Each structure stands twice: as C-alpha cells, then as structure tokens.
Amino acid sequence: MHRSIRSANRQTSGATRLWRVLAVIAALYLLNALVTFHNVWPTVFIRPSKELSIELAGIVLLMAAWLQVGYTISRRWLVALAVIFVLGAIVRYAEVTAPALYGRQVNLYWDIQYLGAVTAMLTRVASPGLLVVSILAAVAGLTMLHFAALWSWRCITGALQFQLVRAVAAVAAIAVIVGFTQEQLAQERPRIPRFAMPISKTFGEQFARIGAAALERGTVQQLPPSPALSSTLSLIDGSDVLVIFVESYGRVVYDNRHLFETLEPARAELAAAITDTGRTVVSGFVKSPTFGGGSWLAHLNFLSGIEVRDANRGNLLMTQSRRLFGDALAEHGYRRVGLMPGLKKPWPEGGFYGFDRIYDDASLGYGGPAFGWWRIPDQFSLARLETLELAPRTSAANERRPLFVFFPTITTHAPFHPTPPYQADWSRMLDPQPFDQASLRDSLSQPPDWTDLSPSYSNSVAYSLRTFAGYLHTQRRDDLIVVIIGDHQPPAMVSGLNASWDVPVHVISTNPAVIDALGSCGFVSGLLPARETLGGMHQLGPSLLYAFAAPAPDSTTTQNTSLCPLRPGDPAPTYDPTVRS
C-alpha cells in the first residue's frame, strides 16, 4: 500500500516536472516570437522566424542574477515586462510591415501626423461591420498577447527559483549575447541571421529621429535658391496648360510585366485618342522625391523647382516667398487654377502657391454616389472644370484669360477601390445620377483585397487612362497642352521589393515645336518612356518652361541641350521576370 502511494507520488511529481519544463519552453518560444517575426511579403501578415532575441536573453540573465543574490521579482515587474514585450511586438510589426506596404521604414515623427487622415480614410472605405470586427479583434488580440506574455514571465520566474535552472539559463543567455555580438562584428553577415536585430534599436532610432527633427525645427535651415522660373512662352501662344498629377502612377506600370500587359488596352485607347485628335505625345521618367505617399512633396518639387525630400524642409519652403512655376505663366496673363477634389478642409498653406482659384471637394459640388473616402471621380472633376473655367473662346463675349490648371487626381489613391465606372457620355457626369445602376452596383460591390492590391491598382490606373482618353475627345482644340505626371510609386505591396522612385511623365500637344523641344530634354515619342531617368521632379517644371519658349531644332542646327534642366541619367535596371512577376 505504501509502495503504491510512493509510486503514484513519483509519477505525479514526474508529470509535474515535465509539464513545467514544457511550459518554460513554450514561454521562452512565445516571448522570443513576439519580437523576432518577419513579414509575409508583401502582405499585412507575419511569419515566425528562427532568430533569437538578445533582449530576451539579457532580461533572463538579469532575472537569474537578481534571484541569485536573494532578491525577489514582484508581480508588478512581471506585468511591466509583459507590457514591454507587447509594445515590442507592435513596434516589430510596424518595422517589418511598413517596408512591405510602403517601401520605406516607419518615421514616427512624420507618420503619426497622418494617422487621423488614414484612419478617416479607412473608416470610409471599409464596411462598418468590418471596422467593428477589426477593432474588437485588435483589442482582443492585444489583451490575449498581454496575458500570454504575463503567463510566460511567471513560468520563467518560477523556473528560475531553482539554482540549477538559474545556472543553465545564465549560461544560455550569455551564449546568445556572445553569438549576437560575434555576428554583428563579423566582416560578412550571414545571409540568414541567427539573431534578430534588437527592438530596443528600433525604439532608439525612432527617438533619435524625433529628437533630430525637433532640433532641426529649432535651427535655421538653408534652402537652395530658386531656379530661373521664367519663360517667354513664345511657342505656346496662350494655350491652356493642364498639369495632371496622377496619384500613385509609378514606374511599376512599365516595369511589372503583368501590370504592363493588363494596362495595354487602356494605354492603347489613350494613344488612339491622342492620334485621333491630331495630337502628339512624348514621355519620360523622372525621380519623385517621395514613395508610396506624401504626394504634396512631389507637387512642391515640381511647382517650386527646388528639391525637398522631407516634410521639415517642405514646410520651411512654404513659409518663404519663392518664385513658382505658375508665376512664370501668370506674368503672361494666365489664370492659375487649383482643381483639388481631394481637399476636404481649410488649406491655409495653399496661399504659398498663389492660385487665383482653388476648387476643393465642397466647391466642386459633386452630388453623385461616393466612391470611398476619395468620393469624387476624376472624370467628374474634369467635366466640372469645363463648366467652371474652360469656357469657349469663340466670341469676344466668351473670351477669357489662358489657364494654368493644376489637378492632383484622387481615384488612383490607395486602396484603389471602389473604382468608378467610366461614363462614355461626358454630359451625364454633371447629373445627380451619372451612372447606370448596373455598372454602379458592380463598382461599389468590389471591396479592396487588402492582401493583394495589385488588381485594384491596375483597375484604377486603367480608369484614369480611359478618362484622359475621353477627355481629349471632348477637347478637340489646338490651344491645350496636357502634362500627365505620376506623383509617386504605389505602396511597395504593389510596386515590389526595392522598386525605384521613378514616375512617368507624358506631355500631349498639337504643337510640334514644344514636342521637339522636349525631345532635346530626353523625352521620347509615344507613351512608352525610355528606360533612363531624365532627372528629378524639381527639374521638370523648369524644363517645361524651357520647352514652351525654346527654338525648335532643325536639320541644320543642333539644339543646345545644356539649356534644358532635365538631362538623361544612368540607365534604369531592366525588367527581370524572374524577380518580379
């Protein structure tokens, strides 16, 4: 009887010890996984890695030493450690996901300023049910992570009460720290690291960026002088100049074979419209100052002719009195118009640009169905521009000043859906019900696929190209120059890994002298740009002003290309279908 009881006790004790060992292993694995996972490119999802965390090793070593000298670890400290590791998981998620989605690292100082706008956009494009489920899932997930981390630290603390366990844990932790140090000091890092970069490094970098930005704001910064933004405009003879900045229209539409082939019908439709209306087009690539967002920096570079690649310098520039692209046209009698359907709130900074009139979301008076947060179709904006500003010049009563129109589009803004249906009858675009019910229902019933935005992106770009083709058919006149510019590449989950910052530029006109002058700047005929990058976005505006007044080259003279601010640069990487598909 007594032997039976002792045998049962030994079995129970053995089972308990096995359970404790397994629990400690699970606890260590969980805490390590919280701060070492990687992104499933190019999605919002993550996958575990085999890397080890130096922070976890360091904390375990400190806990073992603390207990070894006779101190205890209170529950308050365990709660704090659980919170720190959950925060570490959030930071790690941002660190590995942002490059996959946006092609760049997170900059807390600048990105947090756009959190409200992004949240407002997501609440508009996502269904209420999905929003509620997402919020509840996020709260539940973080709560579960916290309690799981707290349980893990309790398991580890309990195991460290034993002398042998403390010794083994200390040796293992020191081995991890030494291994990490050797890996960092090695002349050649392994292709697959064994140790994760510390989350504390990410915290340190973010705090350093905040400090540097704050310090920079408090110091006097020097910006380069403005270029000579002037022109006689002798070649355009009072033609209207329409500059269209196409949201997220990047080089990827040419470099990605699938996107290139998918967009070929829409591109062919635009090419046919250009030919049918007696126009010619030249194209080229320029480098945008931003990637995946921050369109206003691209606008500022173009209009000012000054290269600014961060918000700090951009905001500083807009506090100064500078000569701009529109000023060169205004001194020849041009009226400067900002067509800005994405502008939903007061914009005092807009005074920097000197527009004579800005048409925002409210003043455009769109009464049709809303398409997500960016509710106004680009086709409506162009149709409304006709009635607001582009009155015909057929009689003295209707005579008006020539126009410089600056139009940042919004339909191709992420998440790219819902995409409005294209309306072939442009006169209907100003009606309260501009679309047929069937096409409208089909458009609004297609939510974005957050795991693969490429189909949504290609649909929205195809819509834009068709819209521009249709618009050219409505403007059968010679006194119009249309400049189509991409503001930046789409997010990295569309543009791909290590994508360039290049964007296409198309200049459409019936004026052969302007087209020839742009040829001297490196532009090529057609809608397919040459692979080389011509220069930066800040050089494009001065180059257009040059082309609006440059002497046309002929067979007996050589165009002085040194006068054009844009110059062809290094060839861009050729498309490799084995890398990007």
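A salt bridge here is a side-chain nitrogen of Lys or Arg within 4 Å of a carboxyl oxygen of Asp or Glu. Arg 375 and Asp 361 form such a pair through their side chains, at 3.1 Å from N to O. The model is predicted. The chain has 581 residues, of which 47% count as buried, and it contains 21 helices and eleven strands.

**Overall chain**

- Of the contacts between residues at least 6 apart in sequence, 78% join residues at least 24 apart.
- The chain exposes about 27,900 Å², and carbon and sulfur atoms supply 62% of that area.

**Salt bridges**

- The count of salt bridges comes to 18.
- The side chains of Arg 375 and Asp 361 meet at 3.1 Å, N to O. This pair links distant parts of the chain, with Arg 375 in the loop between α15 (361-364) and α16 and Asp 361 in helix α15, 14 residues apart.
- Arg 375 counts as buried because its relative accessibility, 18%, is under 20%. Asp 361 is also buried, with a relative accessible area of 10%.
- Arg 335 and Glu 389 form a salt bridge through their side chains, at 2.8 Å from N to O. The two residues are 54 apart and link distant parts of the chain: Arg 335 belongs to strand β5 (residues 335-339), whereas Glu 389 is in the loop between α16 (378-388) and β7 (403-408).
- Arg 335 is partly exposed at 23% relative accessibility, whereas Glu 389 is buried at 7%.
- Arg 309 pairs with Glu 307 in a salt bridge whose closest N and O atoms are 3.5 Å apart.
- Arg 309 counts as partly exposed, with a relative accessible area of 36%, and Glu 307 is partly exposed at 37%.
- Asp 240, Arg 400, Arg 477 and Asp 479 are linked in a network of salt bridges.

**Cavities**

- Four cavities of 30 Å³ or more are counted.
- The largest cavity has a volume of about 90 Å³.
- The lining of the largest cavity consists of 16 residues, and those nearest its centre are Phe 371, Trp 374, Thr 411, His 417 and Pro 418.
- By class, twelve of the lining residues of the largest cavity are nonpolar and four are polar, with no charged residues.

Terms used
Residues numbered from 1 in each chain as written. Predicted model: local features only at pLDDT ≥ 70, side-chain atom pairs only at ≥ 80, totals over all residues. Heavy atoms only, no water. 1 Å grid on protein atoms, 1.4 Å probe; cavity = no way out; pocket = protein on both sides within 12 Å on 5 of 7 lines; lining within 4 Å. Points joined across faces, edges and corners; volume = space filled by probe spheres on them. Nonpolar A, V, L, I, M, F, W, Y, C, P; charged D, E, K, R; others polar. Helix = DSSP H or I, 4+ residues; strand = E, 2+ residues; numbered from the N terminus. Buried < 20%, exposed > 50% of the residue type's maximum accessible area, 1.4 Å probe, protein only. Contact = heavy atoms within 4.5 Å. Areas by Shrake-Rupley, 256 points an atom, 1.4 Å probe, with all protein chains shown as cover.
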